[in-house]
Amino acid sequence: MSSGTDDFAVASEISHVAPLRGLANKIEPGHTALIVIDVQNDFCAPGGMMDQEGFDLSDAQAMADRLPPLISAARAAGVLVVFVRNVYSSEHNFYLSDTWLEQASRKREGSYTRREVCKADSWEGDFYGDVRPGPRDPVVSKHRFNAFRNTDLDTILRAHGIRTTVFTGVATNVCVETTARDAFMHDYYVVFTTDGTATYSREDHEATLRNIDRYFGELASVAEVEAVWMANER
(Lines give C-alpha, C1' and ligand atoms only; values in the text may rest on other atoms or scores of the structure.)
Protein backbone atom coordinates (compact mmCIF):
# COMPACT_ATOMS: atom_id res chain seq x y z
CA MET A 1 0.00 0.00 0.00
CA SER A 2 1.45 3.36 -0.97
CA SER A 3 1.87 6.19 1.48
CA GLY A 4 -0.29 8.30 -0.87
CA THR A 5 -3.18 5.88 -0.40
CA ASP A 6 -2.76 6.01 3.37
CA ASP A 7 -2.60 9.79 3.34
CA PHE A 8 -5.79 10.13 1.30
CA ALA A 9 -7.60 7.85 3.77
CA VAL A 10 -6.44 10.06 6.62
CA ALA A 11 -7.40 13.19 4.69
CA SER A 12 -10.87 11.76 4.11
CA GLU A 13 -11.29 11.03 7.82
CA ILE A 14 -10.29 14.46 9.07
CA SER A 15 -11.85 16.60 6.34
CA HIS A 16 -15.19 18.28 7.01
CA VAL A 17 -16.14 17.70 3.35
CA ALA A 18 -15.33 14.55 1.40
CA PRO A 19 -12.28 15.30 -0.78
CA LEU A 20 -12.47 14.82 -4.52
CA ARG A 21 -10.02 12.26 -5.83
CA GLY A 22 -8.91 11.74 -9.41
CA LEU A 23 -9.29 13.97 -12.44
CA ALA A 24 -12.75 12.73 -13.49
CA ASN A 25 -14.21 13.40 -10.04
CA LYS A 26 -12.51 16.77 -9.71
CA ILE A 27 -13.76 18.09 -13.05
CA GLU A 28 -17.28 16.65 -12.95
CA PRO A 29 -19.28 19.26 -14.89
CA GLY A 30 -21.77 20.14 -12.17
CA HIS A 31 -19.15 21.68 -9.91
CA THR A 32 -16.43 22.78 -12.34
CA ALA A 33 -15.54 26.06 -14.05
CA LEU A 34 -13.23 26.45 -17.02
CA ILE A 35 -11.30 29.70 -16.55
CA VAL A 36 -9.95 31.27 -19.76
CA ILE A 37 -7.41 33.92 -18.82
CA ASP A 38 -6.27 36.85 -20.95
CA VAL A 39 -6.41 35.32 -24.43
CA GLN A 40 -6.31 38.82 -25.88
CA ASN A 41 -4.60 40.41 -28.86
CA ASP A 42 -2.02 42.20 -26.74
CA PHE A 43 -0.70 38.83 -25.57
CA CYS A 44 -1.20 36.61 -28.61
CA ALA A 45 -1.50 38.59 -31.86
CA PRO A 46 1.09 40.13 -34.17
CA GLY A 47 1.16 43.84 -33.40
CA GLY A 48 0.11 43.35 -29.79
CA MET A 49 2.09 44.26 -26.70
CA MET A 50 4.15 41.09 -26.39
CA ASP A 51 4.96 41.11 -30.10
CA GLN A 52 6.11 44.74 -29.85
CA GLU A 53 8.28 43.81 -26.87
CA GLY A 54 9.99 41.24 -29.07
CA PHE A 55 8.64 37.99 -27.64
CA ASP A 56 8.00 34.79 -29.58
CA LEU A 57 4.22 34.32 -29.85
CA SER A 58 4.26 30.82 -31.31
CA ASP A 59 3.45 28.93 -28.10
CA ALA A 60 0.68 31.36 -27.16
CA GLN A 61 -0.88 31.07 -30.61
CA ALA A 62 -0.65 27.27 -30.64
CA MET A 63 -2.28 27.19 -27.22
CA ALA A 64 -5.09 29.47 -28.40
CA ASP A 65 -5.73 27.12 -31.33
CA ARG A 66 -6.30 24.25 -28.87
CA LEU A 67 -8.86 26.08 -26.76
CA PRO A 68 -12.01 26.35 -28.94
CA PRO A 69 -12.70 22.56 -28.96
CA LEU A 70 -12.12 22.43 -25.20
CA ILE A 71 -14.47 25.37 -24.62
CA SER A 72 -17.10 23.72 -26.83
CA ALA A 73 -16.78 20.46 -24.88
CA ALA A 74 -17.14 22.36 -21.61
CA ARG A 75 -20.32 24.11 -22.74
CA ALA A 76 -21.81 20.88 -24.11
CA ALA A 77 -21.18 19.12 -20.79
CA GLY A 78 -22.62 21.95 -18.70
CA VAL A 79 -19.33 23.23 -17.32
CA LEU A 80 -19.35 26.92 -16.40
CA VAL A 81 -17.00 28.81 -18.77
CA VAL A 82 -15.61 32.07 -17.39
CA PHE A 83 -13.59 34.45 -19.55
CA VAL A 84 -11.12 36.78 -17.86
CA ARG A 85 -9.66 39.83 -19.57
CA ASN A 86 -7.30 42.61 -18.62
CA VAL A 87 -8.29 46.26 -18.74
CA TYR A 88 -5.20 48.30 -17.93
CA SER A 89 -4.92 51.59 -19.82
CA SER A 90 -7.74 54.13 -19.63
CA GLU A 91 -8.27 57.73 -20.66
CA HIS A 92 -7.75 59.13 -17.18
CA ASN A 93 -5.48 56.29 -15.94
CA PHE A 94 -7.93 54.80 -13.45
CA TYR A 95 -5.96 51.60 -12.86
CA LEU A 96 -2.18 51.95 -13.23
CA SER A 97 -0.48 52.84 -9.95
CA ASP A 98 2.92 54.41 -9.40
CA THR A 99 4.37 51.01 -8.46
CA TRP A 100 2.98 49.40 -11.60
CA LEU A 101 4.28 52.20 -13.81
CA GLU A 102 7.71 52.23 -12.18
CA GLN A 103 8.07 48.48 -12.78
CA ALA A 104 6.91 48.95 -16.37
CA SER A 105 9.37 51.77 -16.95
CA ARG A 106 12.26 49.47 -16.01
CA LYS A 107 11.17 46.22 -17.65
CA ARG A 108 8.43 46.60 -20.27
CA GLU A 109 10.00 48.37 -23.27
CA GLY A 110 7.38 51.13 -23.39
CA SER A 111 4.32 49.05 -22.52
CA TYR A 112 1.96 50.78 -20.06
CA THR A 113 3.93 54.03 -20.37
CA ARG A 114 4.47 55.06 -23.99
CA ARG A 115 2.15 52.34 -25.30
CA GLU A 116 -1.36 51.61 -24.01
CA VAL A 117 -2.12 48.06 -22.93
CA CYS A 118 -5.52 46.32 -23.11
CA LYS A 119 -7.51 49.52 -23.24
CA ALA A 120 -11.26 48.92 -23.03
CA ASP A 121 -12.98 48.57 -26.41
CA SER A 122 -9.65 48.50 -28.24
CA TRP A 123 -8.30 45.91 -30.70
CA GLU A 124 -5.43 45.28 -28.31
CA GLY A 125 -7.79 44.38 -25.48
CA ASP A 126 -10.13 42.29 -27.61
CA PHE A 127 -10.16 38.51 -27.41
CA TYR A 128 -7.80 36.73 -29.77
CA GLY A 129 -8.97 34.69 -32.74
CA ASP A 130 -11.75 32.20 -32.07
CA VAL A 131 -11.30 32.21 -28.30
CA ARG A 132 -14.35 34.29 -27.45
CA PRO A 133 -17.12 34.24 -24.84
CA GLY A 134 -20.56 33.04 -25.74
CA PRO A 135 -23.77 34.78 -24.65
CA ARG A 136 -24.00 32.72 -21.44
CA ASP A 137 -20.34 32.96 -20.42
CA PRO A 138 -19.49 35.43 -17.64
CA VAL A 139 -16.71 37.89 -18.51
CA VAL A 140 -14.55 39.13 -15.63
CA SER A 141 -12.48 42.28 -16.13
CA LYS A 142 -9.37 42.60 -14.00
CA HIS A 143 -6.74 45.28 -13.51
CA ARG A 144 -4.01 43.19 -11.92
CA PHE A 145 -2.41 39.80 -12.64
CA ASN A 146 -4.69 38.02 -10.15
CA ALA A 147 -8.24 37.48 -11.48
CA PHE A 148 -9.60 37.29 -7.91
CA ARG A 149 -8.17 40.68 -6.94
CA ASN A 150 -10.99 43.25 -6.68
CA THR A 151 -13.20 41.38 -9.18
CA ASP A 152 -16.45 39.41 -9.00
CA LEU A 153 -14.82 36.08 -9.97
CA ASP A 154 -15.20 34.48 -6.55
CA THR A 155 -18.84 35.59 -6.32
CA ILE A 156 -19.59 34.05 -9.73
CA LEU A 157 -17.93 30.77 -8.78
CA ARG A 158 -19.66 30.56 -5.38
CA ALA A 159 -23.05 31.40 -6.90
CA HIS A 160 -22.66 28.44 -9.28
CA GLY A 161 -21.54 26.00 -6.58
CA ILE A 162 -18.10 25.59 -8.11
CA ARG A 163 -15.53 23.39 -6.37
CA THR A 164 -12.96 22.97 -9.15
CA THR A 165 -11.28 25.52 -11.38
CA VAL A 166 -9.64 24.41 -14.63
CA PHE A 167 -7.08 26.92 -15.87
CA THR A 168 -6.20 27.91 -19.43
CA GLY A 169 -4.73 30.99 -21.06
CA VAL A 170 -1.72 33.30 -20.88
CA ALA A 171 0.73 33.86 -19.49
CA THR A 172 1.43 30.59 -17.69
CA ASN A 173 3.89 32.07 -15.21
CA VAL A 174 2.17 35.42 -14.63
CA CYS A 175 -1.61 35.86 -14.70
CA VAL A 176 -2.55 32.18 -14.91
CA GLU A 177 -0.21 31.06 -12.14
CA THR A 178 -1.07 34.03 -9.92
CA THR A 179 -4.80 33.32 -10.26
CA ALA A 180 -4.39 29.56 -9.79
CA ARG A 181 -2.45 30.09 -6.58
CA ASP A 182 -5.23 32.31 -5.24
CA ALA A 183 -7.89 29.80 -6.33
CA PHE A 184 -6.20 27.25 -4.09
CA MET A 185 -6.08 29.83 -1.28
CA HIS A 186 -9.85 30.24 -1.77
CA ASP A 187 -10.22 26.46 -1.33
CA TYR A 188 -11.00 25.61 -4.93
CA TYR A 189 -9.48 22.52 -6.48
CA VAL A 190 -7.04 23.58 -9.19
CA VAL A 191 -6.55 21.69 -12.44
CA PHE A 192 -3.88 23.39 -14.53
CA THR A 193 -3.74 22.47 -18.21
CA THR A 194 -0.21 21.77 -19.41
CA ASP A 195 -0.88 22.64 -23.05
CA GLY A 196 -3.92 24.89 -22.57
CA THR A 197 -1.66 27.50 -20.99
CA ALA A 198 1.34 29.21 -22.58
CA THR A 199 3.99 31.82 -22.04
CA TYR A 200 6.95 33.17 -24.00
CA SER A 201 9.65 30.92 -22.57
CA ARG A 202 9.52 27.13 -22.32
CA GLU A 203 11.71 27.32 -19.22
CA ASP A 204 9.25 29.65 -17.48
CA HIS A 205 6.31 27.48 -18.52
CA GLU A 206 7.88 24.31 -17.16
CA ALA A 207 8.87 26.02 -13.90
CA THR A 208 5.25 27.01 -13.28
CA LEU A 209 4.01 23.50 -14.03
CA ARG A 210 6.44 22.06 -11.49
CA ASN A 211 5.37 24.60 -8.88
CA ILE A 212 1.64 24.07 -9.42
CA ASP A 213 2.02 20.29 -9.32
CA ARG A 214 4.00 20.44 -6.10
CA TYR A 215 1.93 22.92 -4.12
CA PHE A 216 -1.32 24.09 -5.69
CA GLY A 217 -3.10 21.61 -7.96
CA GLU A 218 -3.17 18.82 -10.50
CA LEU A 219 -1.76 18.94 -14.02
CA ALA A 220 -3.70 17.62 -17.02
CA SER A 221 -3.56 17.97 -20.77
CA VAL A 222 -6.31 19.57 -22.82
CA ALA A 223 -7.06 16.13 -24.31
CA GLU A 224 -7.47 14.56 -20.86
CA VAL A 225 -9.86 17.24 -19.69
CA GLU A 226 -11.79 17.24 -22.94
CA ALA A 227 -12.21 13.45 -22.83
CA VAL A 228 -13.85 13.63 -19.39
CA TRP A 229 -16.26 16.33 -20.49
CA MET A 230 -17.14 14.65 -23.78
CA ALA A 231 -18.11 11.56 -21.79
CA ASN A 232 -20.44 13.78 -19.73
CA GLU A 233 -22.14 15.69 -22.56
CA ARG A 234 -25.76 16.45 -21.78
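1. Start with two helices: the axes of H8 (residues 172-185) and H9 (residues 202-215) come within 10 Å and cross at roughly 5°. H8 and H9 are therefore roughly parallel to each other (that label covers angles under 35 degrees). Helices here are DSSP runs of H or I with at least four residues, and strands are E runs of at least two.

2. A word on the basis: this is a predicted model, where local features need pLDDT of at least 70 and side-chain atom pairs count only at pLDDT 80 or more, while totals for chains, interfaces and linings use all residues. Residues are numbered from 1 along each chain, and side-chain values use heavy atoms, without hydrogens and water.

3. Who touches whom? On the H8 side of the contact (heavy atoms within 4.5 Å) you'll find Glu177, Arg181 and Phe184 among others, and H9 brings residues including His205, Ile212 and Tyr215. The contact residues divide into 4 nonpolar, 5 polar and 3 charged.

4. H9 turns up again at the largest pocket, giving 4 residues, the largest share of its lining. Helix H1 (3-14) and strand E5 (189-198) each supply at least two. There are 21 lining residues, and Pro19, Leu20, Lys26, Phe184 and Tyr189 lie nearest the centre. By class, the lining has 13 nonpolar, 2 polar and 6 charged residues.

5. The second largest pocket has 23 lining residues, with Met50, Arg108, Phe145, Ala171 and Val174 nearest its centre. H8 gives two or more residues to this lining, as do helix H4 (49-52) and helix H6 (98-107). H6 has the largest share, 4 residues.

Conventions:
Axes fitted to C-alpha atoms, helices over the stretch in contact; angles between N-to-C directions. Parallel < 35°, antiparallel > 145°, perpendicular 65-115°, else oblique. Nonpolar A, V, L, I, M, F, W, Y, C, P; charged D, E, K, R; others polar. 1 Å grid on protein atoms, 1.4 Å probe; cavity = no way out; pocket = protein on both sides within 12 Å on 5 of 7 lines; lining within 4 Å.
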